[in-house]
Amino acid sequence: MRPESIEGLTPLEINAEHSHDFTMKSNFGEMKTDIDLEKDGRYQRVSNFRVTSLTDKGHHGIDGIYKNMNPPPDFIIVESKYLGAEEAVNESFAPRMSMTIKGRQMDSEWIEKRLEGSIDDKKLLKKIQKALQNNRVDSVAAKIDKKGNITYYQLDADGKVITDGVTNSPIIYNINKE
């Protein structure tokens, strides 16, 4: 099931006094990312869990795994972060992944531990695992700002945004790279 339409809706329109505000903004970010990546058929979502409503119950784990219909890379694994959904995100910089009890969100070990729970199809799971071993999977953070704009950043094996070596500025990930 695809996400409900959120066209024209911005996170600012979500009721800040609602008890599920954090979950709703997180859901908005995940839905916005799904719609953006699938809009032109370049990526196909292959992971199990998909947020389809602002009021869906929150979940822990990988937000989305997408097959690249025009590789490389073969797949991208995406963590969506709504600007302001957590303190570690700020408007002018790339998002930082949260530290969990079992390590940093989106680091290679964290992904490996959650991959099996994200893909039911065993053949597809093996294909993704092989692609990971062959460095044909990109880990990506999607930052959704207060206006609903998305900026993508590539993550390294430690779950940290890759920066350029000169200015230490985050490098924007070209989601449409050929």
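The following exercises, each with a worked solution, concern a predicted model.

**Exercise 1. The hairpins**

State how many residues lie between the strands in the hairpin of β2 and β3, and how many in that of β6 and β7.

Solution. The hairpin formed by β2 and β3 has 6 residues between its strands. In the hairpin of β6 and β7, 5 residues lie between the strands. Gly 148, in the hairpin of β6 and β7, takes a positive phi near 90 degrees.

**Exercise 2. Burial of strands and helix**

Explain why β2, β6 and α1 are each described as largely enclosed by the rest of the structure.

Solution. A residue is taken as buried when its relative accessible area is under 20%.

- Step 1: in β2 (residues 64-68), 4 of the 5 residues are buried, so this strand is largely enclosed by the rest of the structure.
- Step 2: in β6, 8 of the 8 residues are buried, so β6 is likewise largely enclosed. In a regular strand the side chains alternate between the two faces of the sheet. Both faces of β6 are covered. One side carries the buried residues Val 137, Ser 139, Ala 141 and Lys 143, and the other carries Asp 138, Val 140, Ala 142 and Ile 144, also buried.
- Step 3: in α1, 13 of the 18 residues are buried, so the helix is largely enclosed by the rest of the structure. Helix α1 covers residues 21-38 and reaches 26 Å from its first C-alpha to its last, close to the 26 Å expected at 1.5 Å a residue.

**Exercise 3. The largest pocket**

Describe the volume and the lining of the largest pocket.

Solution. Rolling a probe the size of a water molecule over the atoms shows where empty space is left.

- Step 1: the volume of the largest pocket is about 530 Å³.
- Step 2: its lining consists of 23 residues, and those nearest its centre are Phe 22, His 59, His 60, Glu 79 and Gln 105.
- Step 3: the elements that give two or more residues to this lining are α1, β3 and α2 (108-118). The most come from α1, with 5 residues.
- Step 4: by class, the lining has 5 nonpolar, 11 polar and 7 charged residues.

**Exercise 4. The second largest pocket**

Identify which element gives the most to the lining of the second largest pocket, and give the classes of the lining residues.

Solution. 

- Step 1: the second largest pocket holds about 400 Å³ of space. It is lined by 18 residues, and closest to its centre are Ser 108, Leu 132, Asn 135, Val 137 and Ser 139.
- Step 2: at least two lining residues are supplied by each of α2, α3 (122-133), β6 (137-144) and β7 (150-155). Of the elements, α2 gives the most, with 5 residues.
- Step 3: by class, 8 nonpolar, 6 polar and 4 charged residues make up the lining of the second largest pocket.

Notes. Residues numbered from 1 in each chain as written. Predicted model: local features only at pLDDT ≥ 70, side-chain atom pairs only at ≥ 80, totals over all residues. Heavy atoms only, no water. Buried < 20%, exposed > 50% of the residue type's maximum accessible area, 1.4 Å probe, protein only. Pairing = 2+ DSSP bridges. Expected span 1.5 Å × (residues − 1). 1 Å grid on protein atoms, 1.4 Å probe; cavity = no way out; pocket = protein on both sides within 12 Å on 5 of 7 lines; lining within 4 Å. Points joined across faces, edges and corners; volume = space filled by probe spheres on them. Nonpolar A, V, L, I, M, F, W, Y, C, P; charged D, E, K, R; others polar.
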